[in-house]
2 protein chains.
Amino acid sequence: VNVIALTVEYDGTRYRGFQVQHVGPTIQEEIESALARLMGVPIRIVAAGRTDAGVHATGQVVSFGTTRAMPVTVIQRALNAHLPSDIVVTDVREKPSDFHARFSARHREYRYSICNRRIRPVIGGQYVYHVSRHLEVNSMAEACEHLVGEHDFASFAGTGSGDRPSSTVRTLRKAICDRHGDLVTFDLEANAFLPHMVRNVVGTMLLVGTGRLRAEQVRDILCRRDRRFAGQMAPARGLCLTHVTY
Amino acid sequence: VNVIALTVEYDGTRYRGFQVQHVGPTIQEEIESALARLMGVPIRIVAAGRTDAGVHATGQVVSFGTTRAMPVTVIQRALNAHLPSDIVVTDVREKPSDFHARFSARHREYRYSICNRRIRPVIGGQYVYHVSRHLEVNSMAEACEHLVGEHDFASFAGTGSGDRPSSTVRTLRKAICDRHGDLVTFDLEANAFLPHMVRNVVGTMLLVGTGRLRAEQVRDILCRRDRRFAGQMAPARGLCLTHVTY
C-alpha cells in the first residue's frame, strides 16, 4: 500500500466542516469524491485537524492509502481539476507506510483574524470576525503568554461534534497576538487542540482586549479547569488552520 | 444645497460595475436606493471612478447634493444598515457646495493584485488574478518606470462603456510593482485614468514579467499610441480603486 499525503487549502464558508456529517457538504466528501473519480475505487481519507463548519485552511494535511501507483504530479493535477473552486491541493507527497495525517502530526498551527474597526468589513469579510470596540493588543499579547506551556485546558474545551477527548491536557508552544492596521491576529501552535479551543481562547482574549478582564485573570481561568469561566466562543469565520508539523 | 461626500468600500464580484446599466445590479443603484430610503426623495450620485464590472474598491468617493440637513454620523449609520453586505460606507463628510466627486478629484490610485503560484488561489481568490508562470518582478518594476510622467496613453486606452475621452494624455504619478511571497502587486496613481488603462498596463507588464517583452520595449509601445501594440487586458477581479485625492 502506498501512503499519500495532500496539503489542502480551502475556503470553509459554504461547508458543514471537514468531516462527513448527516447534512450538508463537507471538505472530506469533496476530496473523497475527487479521489474516487481519479482512482476508480472509494477512498477514505484522514485529516490532521477536523475543522468546524465555516473554518478555513491554508495548510490542512490529509492522508490515504492506495494500491495504485501514480505519480504525485498526476494526482495533484487530476484532483485540482475535479475539486470545486473553493478547495485546492497545494502539495502531494509519498509517505512511509506508517504515516497517518492525524496521529503522526506533532504540532498544529491556527491563525484567528479579527477586523477591528468601527465599520463592518467588506473586502475579505468572510475570513475575519468583526469587532468594532477597540482592542488593546498589548493586554491580549500579555494574556496569551499565561497560556503557553503544558496545561489542562478544560476551561477552553468545547464539546465539539466528535468523541470526547480522554484528557484535556495540551502543550501550547506558541500564542502570539499582533496588530497590522485594522487587522488583529492570534497565532496559536500546540501539539493538538481540544474541540473549539482556539475559538474559546480568542473569545476570552476579547474580554481582555476590551478591558472586561485583566491579562493575569486568564491564568486564573486556566486554573479553574471549568468551561463556565472562560469567554464566549468566537465565530468560525475568523479561524484558519495554517500549518501542520510532522 | 448641502454637498455630502461618501468614501465607499465594495466587493465588485457580483456587480455589473459602478454605473447604472441596462442589465444587472450596480454599485450606483445600491447606494442611490439606500439614499432614497434615508432621504425620502430620489438622489443622484456621482463617483470619482466609474469602476468596471467585477472591479473592487476600498477608497471610492461619491458625492451628492441634498436640501436636507442631517448629521454625517446619522447618514453613515443609516446607509450601512440599508446597504448589502458587499458594500459599506467607511466615511461621510460635508463638502463645499462646488465639490464634485469626479471633477474635483486630483489623483486616483488603483492596486492590481496577482497570485503568482502554480496552484490556483482559494483564500481571497476573488480579489486576485491567477498567473501560474513565474513573473520577474524586477523587469516589471523597471518597465513601470517608463510609464511615469505625462504621456499620451492611447496604446493603453480601452473603448470602455462611457463617452470616448477627448484626449488620451494623462499624468501617471506613480507606477510601482512589488512582490510579497506569492502576491505580486501594481500600485498606479494618475490624475485620471483612461477606460481599462490599468488593466491594459498590467496585461502589458505580464508580457515583460514572463520574458516575452523587454522592459524598455514598453517605452516603444507607449510611443506608438496604438492599442494594438500593448498586451491583452488583465481581468477585472485583480483590480481595486484604493484612494482618491482632492
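Against which elements of chain A do the buried residues of α2(A) pack?

Modeller: This is a predicted model, in which local features need pLDDT of at least 70 and side-chain atom pairs count only at pLDDT 80 or more, while totals for chains, interfaces and linings use all residues. Residues are numbered from 1 along each chain as its sequence is written, chains are lettered from A and ligands numbered from 1 in the order in which they are written, and side-chain values use heavy atoms, with hydrogens and water left out.

The buried residues of α2(A) pack against β1 (2-10), α1 (27-39) and β4 (87-95) of chain A. Helices (H or I, at least four residues) and strands (E, at least two) are DSSP runs numbered from the N terminus, and contact means heavy atoms within 4.5 Å. Helix α2 spans residues 72-82, and its buried residues are A:Ile75, A:Gln76, A:Ala78, A:Leu79 and A:Asn80. Buried denotes under 20% relative accessible area, exposed over 50%, and partly exposed in between (1.4 Å probe, protein chains only). An α-helix has 3.6 residues a turn, so residues three or four places apart point the same way.

The interface with chain B comes next. Two salt bridges are found across it, each a side-chain nitrogen of Lys or Arg within 4 Å of a carboxyl oxygen of Asp or Glu. A:Glu9 and B:Arg117 form a salt bridge through their side chains (3.1 Å, N to O). The elements that give two or more residues to the side of chain A that touches chain B are β1, β3 (56-66), α2 and β4 of chain A. β4(A) gives the most, with four residues.

In total, 26 residues of chain A are in contact with 26 residues of chain B. The two chains bury about 1,700 Å² between them, 53% of it on carbon and sulfur atoms; this is the accessible area (1.4 Å probe) that two parts lose on being put together, summed over both. A:Arg120, A:Val122 and A:Ile123 supply 35% of the area that chain A buries against chain B, more than any other three residues.

Finally, chain A can be laid on chain B with an RMSD of 0.0 Å by a turn of 180° and a shift of 0.0 Å along the axis, the superposition being by least squares on the C-alpha atoms of residues with pLDDT of at least 70 in both. The two copies are therefore related as by a two-fold rotation axis. In chain A, the C-alpha nearest the axis belongs to A:Gly124, 3.2 Å from it.
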